[in-house]
Amino acid sequence: MKLKKLAVAAAAMVALGAPAMAEIVFPSLSYRTGPYAANGTPFADGYADYFTLINERDGGIGGEKIRLLECETGYNTEKGVECYESTKGEGAVLYEPLSTGITYQLIPKASADGIPVHSGGYGRTSAANGAVFKWIFNYPTNYWYGASVAIKHILDQEGGDISGKTIALLYHNSAYGKEPIRTLEELAKKHGFNLTLLPVDHPGQEQKSQWLQIRREKPDYVLMWGWGVMNQVAIQEAANIRYPMDHFIGIWWSGSENDVKAAGAKGDGYKALSFHMPGSDFPVFDDIQKYVVDAGKAAGAGDQIGTVLYNRGLYAAMLAVEAARTAQELSGNTRITPAEMRDGMENLDMSEEKMAALGLPGFGPAFKVTCANHGGNGLALVQQWDATAQKWNVITDYIEPDLEVIQPLIEEDSAAFAAENNITPRDCN
Amino acid sequence: MIYREAGDFKTSYREDSQTFPIKLDRRAYWTLMVVAFAVVPFVINDYWANAVLLPFLIYAIAALGLNILTGYAGQVSLGTGGFMAVGAYAAYKLMTAFPDVPILFHVLIAGAITALVGMAFGLPSLRIKGFYLAVATLAAQFFLVWLFNKVPWFFNYSASGMINAPERTMFGAAITGAEASAPARYLFCLILTVALAWIARNLTRGSVGRKWMAIRDMDIAAEIIGVNPLTAKLSAFAVSSFFIGVAGALLFAVYLGAVEVGEAFGIQKSFLILFMIIIGGLGSIFGSFAGAAFMVLMPVLLKNVLVDGFGWATDLAAHFQFMIVGALIIVFLVFEPHGLAQLWRLAKEKLRLWPFPH
């Protein structure tokens, strides 16, 4: 009991010393430690650097400085709860959990507290239904769209017919990895392919038996829903059994430099989806160099700039800033509240022109958020790893997902959530 | 001077064998109870409830449970995480199947279901002991996690395999779900923790506990003096699993609200709780609390001090946190292998003899 009292007293002193509420506060529930650090770090760096850029170059959003509150979760849900609770009192206007597990946990909490959550390309897919998930946004795309885009790419490769083919899904055995299964089952029915499910347990270093099965059954394609160290191991194992790399397609969370570099030259030809461009050939990176890196304000080690996940973090931050700008225009306040931020997100219109004006021309798909659609239009592209040049090459245009299959699934899953939690869907007309 | 039995006369056996023989201890205990029940609920906020007190109380229950099995009955178990998962999934199935029943019943029945499962996995303990039993319970850990991942019935066929706690009430106040207030959740866990700690204390100093300890100290000798190893070991598994099941149910329903079995109830959880009782003190009720406090509160405290206080980078602080907590564990165990409870006991002994400790 004595220890508890000590802890309570000490923490209370710390809490009292915290600065008062001000500015626009964006918490970043990052993870730079643990088995997922290789992927969590570049995202957190990109997210932080873009906010630093906005502060340094533009003096904040509409004159309001951004305060980034970084909190280390280690991809652990219990630490995620601690981070959420400790940052929400600081006036947080938007949460970016970067973990499907933590997102699931925050969905009811943040909805009750009235703070929006943006889980772009992860989290609960059916949150795309804004009528049920008022506070949750997962634009520009989500896992079910991703699964559909991957299958469309395979269809494209096979000349439009994949009936009788076998597609294996190698997935992280968690909420994240299980998300696409239902969509893939529906798509298997529609296109007549066989689906093999191969779960990999956290943290994902042990995949020998799964790859033995792949070696034995020789599926025509392998899709991967992996994260952290699991990606590197999977690509290495695929190389070991000489699986044709261009038939191995990862979701956007399995397609960063850190994932393929470990396999060396053997990783050449590995494909992954993405919903934004890789590389640093965009004008905004000059500003980042000038205002952030050269000023010594880069987050982390500053060595991740232009990598896939850095760009994704930057993209998420850019969407947050644009939503905040929209919120300022709508409400007329510069110091926006979480509720105003939510309105801003719901009216976000990411056009080509806007992205070009920000120094990110063609960086991501153009999309519009509406009250009913919090998920964007789901466009994603395929990129391929070139091991000699050590870079990702984009090999397709943006591919549209099969909405005919996915929309009913979203309706069904969000209706189940609404029924479970006694939510009456909003009227979005 | 102040910490003395002198003058505190006991006139009955009952008084003589009470839990806190010294008046100051009794006063401290009742003050703590008054503060915990009558003061904290009025000042508690979401941060204190969700980040500090709920995990402390819930892990204290789990540590009590494991301490009964390992500390008192001497049966090493690495299946704690799996048994907590049983409690959590039982609570989830009950909550969704019977939405109108008060949450307390769900939690207690979830505990009872875990007790049955624990007894089933405790059967090997009649034949094997020590490290071999640890391996058998480790199998339980992996089997249970695999089961809850594999069979969709357990998570009501949800797409992601996650279980979410819907809103359930007790006396009209929401205890689970996002709308539940911090005081309601805290009080719910506090009442269960205090009740279970009281049960644990009284079980362990009664005939049941003495049988457990006899088995722990030397099972053959215990058998010769008439302790039935079957009932003693299985009752230890049952009571321990009940506690752990309740902790699992609370962890899921009240504290986290949404869990996936591999992440929340993996092998790390089994180790975490084992560390709690080793650091706190095997075979000690106070040790269970001290160990839970150390393992739960120390990282939060360090994070607050290093990141918010000193302004360190979050990853640096996280790494230092591992090192500091790890170093403290080693230091504690080097200086006092019997844990924080023994340190506390020694401190009290010295205080009694003060100013002439020997």
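**Helix α3 of chain A**

I started with α3(A), and this helix is mostly covered: 12 of its 12 residues are buried. I count a residue as buried if 20 or more other C-beta atoms lie within 10 Å of its own, as exposed if 12 or fewer do, and as partly exposed in between, with C-beta atoms placed from the backbone. The buried residues of α3(A) include E78(A), K79(A), Y84(A) and K88(A). Helices (H or I, at least four residues) and strands (E, at least two) are DSSP runs that I number from the N terminus.

Next I checked the length of α3(A), residues 77-88: at 1.5 Å a residue its 12 residues should span 16 Å, and the end C-alpha atoms are 16 Å apart, which agrees. The expected span is 1.5 Å times one less than the number of residues in the helix.

**A note on the model**

I have to remember that this is a predicted model, where local features need pLDDT of at least 70 and side-chain atom pairs count only at pLDDT 80 or more, while totals for chains, interfaces and linings use all residues. Residues are numbered from 1 along each chain as its sequence is written, and chains are lettered from A and ligands numbered from 1 in the order in which they are written.

**Chain A as a whole**

I looked up the secondary structure of chain A and found 15 helices and 13 strands. Its radius of gyration is 21 Å, close to the 22 Å from the globule rule for 429 residues, so chain A is as compact as a globular protein of that length. That radius is taken over C-alpha atoms, and the rule is 2.2 Å times the number of residues to the power 0.38. Buried residues make up 57% of the 429 residues in chain A.

**Strand β5 and its partners**

Is β5(A) enclosed or open? Six of the seven residues of this strand (166-172) are buried, so β5(A) is largely enclosed by the rest of the structure. I then went to its neighbours. Seven bridges join β5(A) to β6 (residues 194-200) of chain A, and the two run parallel; here L169(A) has L197(A) as its bridge partner. Five bridges join β5(A) to β7 (residues 221-225) of chain A, also parallel, and L170(A) has M224(A) as its partner there. I call two strands paired if DSSP finds at least two bridges between them.

**Two domains in chain A**

Chain A is divided into domain 1 (23-141 + 279-377 + 409-420) and domain 2 (143-278 + 380-404); the bounds come from an automatic or database domain assignment. Their centres, taken over C-alpha atoms, are 26 Å apart. The contact takes 25 residues from domain 1 and 29 residues from domain 2, where contact means C-beta atoms, placed from the backbone, within 7 Å. On the domain 1 side, α12(A) gives the most, with five residues.

**Where chain B meets chain A**

How many residues of chain B are in contact with chain A? I found 41 residues of chain B in contact with 40 residues of chain A. On the chain B side, α13(B) has the largest share, 11 residues. By class, that side divides into 22 nonpolar, 13 polar and six charged residues. Ala, Val, Leu, Ile, Met, Phe, Trp, Tyr, Cys and Pro count as nonpolar, Asp, Glu, Lys and Arg as charged, and the others, Gly among them, as polar.

How values were computed
Contact = placed C-beta atoms within 7 Å.
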